[in-house]
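Work through the following exercises with the sequence and the model side by side, and try each task before reading its solution.

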Amino acid sequence: MPIRSGLAVLVLAAALSSAGALGREYPSEHGTLQVDELLSGLEHPWALAFLPEGQGLLLTERPGRLRLLDAGGRLSAPIAGVPAVYARGQGGLLDVALAPDFGSDRWVYLAYAEAGEQGYAGTAVGRGRLSADGRRLEGFEVIFRQLPKLSSGVHFGSRLVFDREGYLFIALGENNQRPTAQHLDKLQGKVVRLHRTAACRGTTPSSVGPTPVGKSGPMAIATPRVRHSTPGAAGCGCMSTARAVATRSTSPRPGATMAGRSRPMG
């Protein structure tokens, strides 16, 4: 099976393995979906990033491991250079995304739960260069921290999306402190837009100031054309944001970046 077509298969394999449903076919409005197992034995696999030219994919395991699955289906040992993570509850190593110019610059971006003071944690984002042999991240640096840190182990959010202009969008959970999603002096429940180096109209990551844009409710939509009165957030009022996508040119809203909470609420 081509590695490029394995995304839905791998996700469904992880979801259905406990039910013994592997190797079955499932009808859908777009055709029949066949579920095959690519690999097993992963511990809470959380995210995938496909490497260019069919080289395989990077995947995260929540306890703090980043691995490479090559085009031949071989799983690497944990990649060195990954930061320490807060691996409690829903926390740990979360999303992974490749820089738009990964083919030339090798930058890999990671979102993860980071420990703070008094037992609390928050989401952090950093980047490092994947070595030529795929065994380590070199020069890893933190480019963003969610402040204040309020999570005791839940609702970190942590989806990363690059839009077609090269901006990085970070979807942040509200740490189960729901009122903070509406507080503009906190980075809980926000969608933040950064330059890929963390520059945000001349500010540093620690001085980013949230600005309400789009919906002030359980789901926010941010587009690269939105004007911001202050730099930083592209959306507020987001609860446990667990999905995000940059739309293609054929979409009804080409170039839009959309995020949604972890489950519908009616």
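**Exercise 1.** Find how many salt bridges a search of the whole structure gives.

Solution. The search of the whole structure finds 11 salt bridges, where a salt bridge is a side-chain nitrogen of Lys or Arg within 4 Å of a carboxyl oxygen of Asp or Glu. This is a predicted model, in which local features need pLDDT of at least 70 and side-chain atom pairs count only at pLDDT 80 or more, while totals for chains, interfaces and linings use all residues. Residues are numbered from 1 along each chain as its sequence is written, and side-chain values use heavy atoms, with hydrogens and water left out.

**Exercise 2.** Describe the salt bridges of E61 with R65 and with R67.

Solution. Start with R65, whose closest N and O atoms with E61 are 3.0 Å apart. Next take R67, which meets E61 in a salt bridge at 2.5 Å, N to O. Then consider burial (buried means under 20% relative accessible area, exposed over 50%, partly exposed in between, with a 1.4 Å probe and protein chains only): R67 and E61 are both buried, whereas R65, at 23% relative accessibility, counts as partly exposed. Finally, E43, E61, R65 and R67 are linked in a network of salt bridges.

**Exercise 3.** Work out which parts the salt bridge between K149 and E114 ties together.

Solution. The closest N and O atoms of K149 and E114 are 3.0 Å apart. K149 lies in the loop between strand 9 (137-145) and strand 10 (157-162), and E114 in strand 7 (residues 107-115), so the pair ties together parts 35 residues apart in sequence; strands here are DSSP runs (E, at least two residues), numbered from the N terminus. K149 is buried at 17% relative accessible area, and E114 is buried at 12%.

Notes:
Helices (H or I, at least four residues) and strands (E, at least two) are DSSP runs, numbered from the N terminus.
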